[in-house]
Each structure stands twice: as C-alpha cells, then as structure tokens.
Amino acid sequence: MNVTIVDYNSGNISSVINSFKEVVKEKVNIEVTSNLNKIKSSDKVVLPGQGSFKSCIDALSGISGLVDTLNEFAINDKKPLLGICVGLQMFADIGYEETETKGLGWISGKVSKIDNQNNKYKLPHIGWNEINILKDSKIFKDIDNNSHMYFVHSYEFIPDDKSVISATTDYSSNIVCSVEKENIFGTQFHPEKSDKIGLQIIENFINL
Amino acid sequence: MLKNRIIPCLDVKNGRVVKGINFVDLKDAGDPVEQAKIYSDGGADEICFLDITASNENRNTIYDVVEKTSKKCFVPLTVGGGVRSVDDINKLLNCGADKVSINTAAVQNSEVVAESSKKFGSQCIVVAIDAKKNSNNWEIFTHGGRNNTGIDAIEFAEKMENSGAGELLVTSMDRDGTQVGYDIELMSKISSKVNIPVIASGGVGNLDHLVDGIKLGNASAVLAASIFHYGKYSVKEAKEYLDLKGIPVRI
C-alpha cells in the first residue's frame, strides 16, 4: 500500500511524517511528495496544513495541477484522504483567515475565527482537550469517547451539513474537531502529537 | 474542557542532559532522548529542551537530539536556547521540533517573531521572556539572564503578542533555581494583559507551586525542570495532585 503525505510547503510536517512512519507495518510505503503522478497512484493521501488558511491554499495552488489532482483523488476516485488541522479546514468552501479565501469546496461550509467571548477564552486554542464523539467514524475505532487530543488553532470549520461532524470539542462552544464524509476524513486536532491515542487514529486511517 | 498542561524541561548542553540522574529503566542518564521518552510515557503534555551549549562549534548537537527525540516522542516538543534567526527556527522545525522558543533574538529584533510566525504559523513561535523585578515593575533580561535591557516585561509581552507570538514562556529570574515558587504577580499580570496562553516558569519546588501557577497566576501551562529531573516528583504524581486540587489535567 502507498500512503502519500502531501508536501506542499505548508510549514512543518516532520511530526506528521514521523508519526506515520512509527505506526506503519511492512508492505506500507510512505511517500512525502507533491509529485502529481505519485499522488494519483497512491492508495491513501494525507493533507497536512499549518499556518493560515490563506497561506495553505496559496501553497497548494502554487504547485501546478495539485488541486486538480487532489480533486480527482478525493472526489472522482473517492479514495481515502485525511486532512489534519488546516488540511481539514481547506475542505470548506471559504475561509476568513487573513482575507476571504476560496477553499477546496469538498464539504460545504466556512472557516471562521473561534469566538473568544470578549477575551474570556485565549487564542490560539492550545493544548489537550477532550473529544465528544458524535458518530461512529472509521478512524475512531478503539478510541474511547472523551479521549484527549492535542489542539492548536484559532479558526474553526463550520460545515453546513451537520451530519458530517464525527466529533466536537468544548472550547467557547462545541467546536467541530473531526469530520467524515464518505472517503474524506479530517481532524482539527493533531493525531501526530496526541500520544498513543493519536497514533491509534493514524493506524485506523492506514487500516481503512 | 481544555486541560492545563504540565511541561517538563530538560537543559541540554553539547547534546547531553545537564546533571542527568539515573532513574530506574534509564540506561544513559545523559541522553536527552531517553529522558524525554520517560517524561512523555509518564504523561507529560509537552516536552521542552533548553539548549545551553555555549560554543558555536557544538551548536549543531541540538539538531541531532531533536531529530532523534521527535521519532520517539509523540507529544509536542518545544526547543529553545540560542535561536537567533528565521533560518535557525526553520532548521529546528525541519528536525522535528513542533515549537521554537525565542528569547534574546525577539528582544533585539521583533521582526524575527513577526517574520517567523508569518512563515511557519503562530502555533510554533513561543517567545521566552526572562524578567526580573525592579521595585514596581519587571524588566527583561537577555543572554540567559545576563544582560538587563531595562525593557518593561508587561509592555514587551503585549508587543510580542502583536508581533505574532503564539505563546509566552515567562520565567522569573528572581525565582529561577530557588524552589520557592513562581512569581505569581508577574504571571497573573502578564496573563491578564495578553490573550495568548502563558506558560509559567522559574522557581518550582513542590507541587503546590504548580497549583498556584495555574490558580493564582492564571497560567495555561506550567513548566518545571528540577522537581522532575531530580526525581522529587514524577509527572504522573504532579498530574494526580493537580487533579486532586480541582485543576483540569489530562490523565
């Protein structure tokens, strides 16, 4: 099996690479690349993302053919894709970080700043928070409800169709922290930094 | 509910842990990778390395340490000490650090903070503030606490937030190494002035100090070195104690 971690200059992805290499067994090959042919021939794709919504979209668009290739992979071919942090946020139609920016439009909705309730809540939302599992997502196999995951973000994904939400976390309001729509998976938290329980999620994705 | 974090910190010099203590199960007390793994297995919410390598020719040793640690520990890793430029930050992140803490360089040129947070995201830029009390205010020190800049710590904290810092690591120079507890007044003043998380540092001698840092100092996270390093308490004991005191922690 080939799993590709998309390397599109979106900041630091070494932790994502390390975590996937830690959990993979033999017969699973991890590629870290933006090579379009390699992505096309992969069985699974991981879309990480750090920095702002705009900077990640700009970086994706900066590599000729990459957005089309990802569309083909996730929407036409319906092969499993996992977005992490801004990688998940980019599924939306639109994001409002820095400036209004068009997203990939895979799951309709928007990405807005978390309401800090007049500075009652510090931003970024940094640290370990519990997830409330709302539906039986395949990537939550053997994951207990209220498990702790590591978060670091100031913006939240608000999907139009609430049925895609697989988990929320409580910070200021119930923030969407995991989505599943057919073959498309996303986590707002960082499984690669969420200790053994996070590695379990990565393993679940690889075993899909 | 967001949990308060406990962050054990290791001083690393020339790639080795300073004054490493031989815990049970530890083959090499001087190996930062092994020490970090013990902390993360014990429930540390993050790990922090402070590189205190003095000579320039040995500075590359930290990159090797970070690279090895990031392959073994799957909790966030912060690295600080001697970070001068955007290029230094880039190198540490590429080796597997999740956050980089900047001290002297941030004071000398806040552009380093602005540029790096724009380039890599605020989430990985921690500004380390070393402050010392001077009658009614606190002043910033640089170069590992050797140089007084005369800059007001509270004003500087606000400036760093505006420059794009994702977190502030606030160390009281008066308390560091004394084991009498954090400078609560300093922590709570800075925490009330900024809307980014504050990590309290400097002066922890017992577990009640950690409680005070969170409850009275309003810190989001508490950093400690010696109480964990010399085996006085384990990270697990610290978390259980905080839990007992009604502080939300990840257990």
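The model is predicted: local features need pLDDT of at least 70, side-chain atom pairs count only at pLDDT 80 or more, and totals for chains, interfaces and linings use all residues. Residues are numbered from 1 along each chain as its sequence is written, while chains are lettered from A and ligands numbered from 1 in the order in which they are written.

Chain B contains ten helices and eleven strands; helices (H or I, at least four residues) and strands (E, at least two) are DSSP runs, numbered from the N terminus. The radius of gyration of chain B, 17 Å, is close to the 18 Å that the globule rule gives for 251 residues, so chain B is as compact as a globular protein of that length. This radius is taken over C-alpha atoms, and the rule is 2.2 Å times the number of residues to the power 0.38. The C-alpha trace of chain B spans about 45 × 45 × 35 Å along its principal axes. Of its 251 residues, 54% count as buried. A residue is buried if 20 or more other C-beta atoms lie within 10 Å of its own, exposed if 12 or fewer, and partly exposed in between, with C-beta atoms placed from the backbone. Among contacts in chain B with a separation of 6 or more, 64% join residues 24 or more positions apart; two residues are in contact if their C-beta atoms, placed from the backbone, lie within 7 Å.

Two helix pairs of chain B may be considered in turn. Helix 1 (residues 32-41) and helix 2 (residues 61-70) of chain B pack at an angle of about 35 degrees, their axes 9 Å apart. Axes are lines fitted to C-alpha atoms, for helices over the stretch in contact, and angles run from 0 to 180 degrees between N-to-C directions. B:Pro32, B:Val33 and B:Ala36 of helix 1 meet B:Val65, B:Lys68 and B:Thr69 of helix 2. These residues comprise four nonpolar, one polar and one charged; Ala, Val, Leu, Ile, Met, Phe, Trp, Tyr, Cys and Pro count as nonpolar, Asp, Glu, Lys and Arg as charged, and the others, Gly among them, as polar.

For helix 6 (residues 153-163) and helix 7 (residues 184-193) of chain B, the packing angle is about 35 degrees and the axes are 9 Å apart. Their contact involves B:Ala153, B:Ile154, B:Ala157 and B:Glu158 of helix 6 with B:Lys189, B:Ile190 and B:Lys193 of helix 7, and divides into four nonpolar, no polar and three charged residues.

Helix 10 (residues 235-244) of chain B has as its buried residues B:Val235, B:Ala238, B:Lys239 and B:Leu242. Seen down the helix axis, they fall within an arc of 95 degrees, so they line one face of helix 10; the arc is that of the directions from the helix axis to the C-beta atoms. Their cover includes strand 1 (5-13), helix 1, helix 8 (207-215) and helix 9 (226-229) of chain B. B:Val235 counts as buried because it has 21 C-beta neighbours inside 10 Å. Not counting residues up to four places away in sequence, B:Val235 touches B:Ile6, B:Pro8, B:Tyr39, B:Gly42, B:Gly43, B:Ala44 and B:Phe228. Just after helix 10, B:Gly246 takes a positive phi of about 80 degrees.
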